[in-house]
Amino acid sequence: MTEEGSLVRWLRRLAGTFVAGCMAGLFAMQVLVLVANPAAAGTWSQDNCSGSAWSMTSWRRADAQAYAQRGDREGYEWNGGCYKLNDRDDTPNAPDSGGEGADCSGYTFKSWALKSSAGTSGYHYWTHEKEIHGAYYTWNYHSPASTDPFKLLASKTYAATLYMDAFVYRSGDAGHIGMIYLEGSGGSDYIVEAKSDALGTRIAYTNYRSQSAYRGVTRKAWTPDCYPNC
């Protein structure tokens, strides 16, 4: 091998090392940018939630049932409120910040078409893709004020409840609310609820009615299901 050939090969190896080093350095810089500015990557809700809302004059239990059913098999997000409606949890098994889904109180808020400000009269439709939790949490449903758009039921018997009423539990910092999708028997019902990060939003046969810790609560001023042909 000539000295010229050896020199050419050495220069080629040097150039390759330089290019590889530059590429590695560029990748490292990109990682540093993402770490230094995590907002640049965006959360799931920032990338997927662009819904809308509007005031409404009627909302039947049947409308609420159909609305709530569409969340079945979707995600759960504490203090969240947006669903993609693709029959799966897009951010499963993680207490995300900005993930898919509502929590239990936020899902009741949207399914009952409540307004975002406590004490405000009237009702509001929120698309599933709208990121909103609303003003009410489980303690509000458990101990409602007279000005709230919902009230406690006198009992939890099957004679006292209708579908899309709810059962709510609250103890210390813990709480849960689930809506009656279909009434069952023996103290259990088909409940539609935003349950947890592990289980997402679901319809499940559950015995909240027979648990003494749960109270019955109903939305005020349902439009009759016979509307507009009553």
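A residue counts as buried when its relative accessible area is under 20%, as exposed over 50%, and as partly exposed in between (1.4 Å probe, protein chains only). Helices (H or I, at least four residues) and strands (E, at least two) are DSSP runs, numbered from the N terminus. Keep both in mind on this tour.

**Before you click.** You are looking at a predicted model, where local features need pLDDT of at least 70, side-chain atom pairs count only at pLDDT 80 or more, and totals for chains, interfaces and linings use all residues. Residues are numbered from 1 along each chain as its sequence is written, and side-chain values use heavy atoms, leaving out hydrogens and water.

**Stop 1: helix H4.** Select 104-111. Here 8 of the 8 residues are buried, including Cys104, Tyr107 and Phe109. Just after the helix, Ala113 has a positive phi of about 55 degrees.

**Stop 2: Tyr107.** Show the side chain of this residue. Which residues does Tyr107 touch, not counting those up to four places away in sequence? Among them are Tyr67, Tyr83, Met179 and Val192, where contact means heavy atoms within 4.5 Å.

**Stop 3: the core.** In soluble globular proteins, nonpolar side chains tend to be buried together. A nonpolar core is a set of buried Ala, Val, Leu, Ile, Met, Phe, Trp, Tyr and Cys residues joined through side-chain atoms within 4.5 Å. The largest one has 31 residues, and Trp59, Tyr107, Trp112, Leu114, Tyr141 and Met179 have the most contacts inside it. Another core, of 5 residues, lies apart from it; Phe167 and Ile191 are among its members.

Stop 4: Strands pair if DSSP finds at least two bridges between them. Select E6 (166-171) and E7 (174-183): they run antiparallel, joined by 6 bridges, and Tyr169 stands opposite His176. In their turn of 2 residues, find Gly172, with a positive phi of about 60 degrees. E7 and E8 are antiparallel over 4 bridges, with Glu183 partnered by Asp189. Their hairpin has 5 residues between the strands, and Gly186 in the turn has a positive phi of about 65 degrees.

**Stop 5: the largest pocket.** Select Tyr76, Trp78, Asp103, Cys104, Ser105, Tyr137, Thr138, Trp139, Arg170, Asp173, Ala174 and Gly175, which line the largest pocket. H4, H5 (138-142) and E7 each give two or more residues to this lining. On a 1 Å grid over the protein atoms alone, a pocket is an open set of points where a 1.4 Å probe fits, with protein on both sides within 12 Å along at least five of seven lines; lining residues have an atom within 4 Å of a point. The space inside is about 170 Å³, the volume filled by probe spheres set on the points.
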